[in-house]
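Good morning, and thank you for coming. Please look at the sequence and the structure while I speak.

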Amino acid sequence: MSSTISLPTCSCCHRPIMPNDKCVKFNCPDCGGDLIWRCQSCREAARNYTCTSCNVSGP
């Protein structure tokens with residue numbers, strides 16, 4: 001039987017986040033609905049993310 005693994009993607013750059021990457025995940029600070037993933041590169045560069053539920057954005 002073959003199975004596939006779905007990797008989360010960075011909410012800023014949309015690249016897949018690998019298991020050992022130094023990333024963060026948190027719920028949207030405004031609506032609390034979406035899970036925001038940020039890779040180390042985007043965090044260090046303070047790139048903006050956008051919540052897909054409420055369209056709030058932040059660094």
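Let me begin with a definition: helices (H or I, at least four residues) and strands (E, at least two) are DSSP runs, numbered from the N terminus. This is a predicted model, in which local features need pLDDT of at least 70, side-chain atom pairs count only at pLDDT 80 or more, and totals for chains, interfaces and linings use all residues. Residues are numbered from 1 along each chain as its sequence is written, and side-chain values use heavy atoms, with hydrogens and water left out.

I turn to the overall picture. Of the 59 residues, 24% count as buried; buried means under 20% relative accessible area, exposed over 50%, and partly exposed in between, with a 1.4 Å probe and protein chains only.

Which residues make up the largest nonpolar core? There are 10 in all: Cys10, Cys12, Ile17, Cys28, Ile36, Trp37, Cys39, Cys42, Tyr49 and Cys51. Such a core is a set of buried Ala, Val, Leu, Ile, Met, Phe, Trp, Tyr and Cys residues joined through side-chain atoms within 4.5 Å. In soluble globular proteins, nonpolar side chains tend to be buried together.

Tyr49 deserves a separate word. This residue is buried, with a relative accessible area of 6%. Leaving aside residues up to four places away in sequence, Tyr49 touches several others, among them Ser11, Phe26, Pro29, Arg38 and Pro59; a contact means heavy atoms within 4.5 Å.

The structure holds one aromatic pair. Phe26 and Tyr49 form this edge-to-face pair, at 5.6 Å centre to centre and with 75 degrees between the planes. Phe26 lies in strand S1 (residues 24-27) and Tyr49 in strand S3 (residues 49-50), so the pair ties together parts that are 23 residues apart in sequence. By definition, rings of Phe, Tyr and Trp (its six-membered ring) pair if their centres lie within 6.5 Å; planes under 30 degrees apart count as stacked, over 60 as edge-to-face and the rest as tilted. Phe26 counts as partly exposed, at 27% relative accessibility.

Finally, where is Asn55 found? Asn55 sits in the loop between S3 and strand S4 (57-58) and is exposed, with a relative accessible area of 60%. Asn55 and Asp30 are 25 residues apart in sequence and 9.4 Å apart in space, C-alpha to C-alpha.
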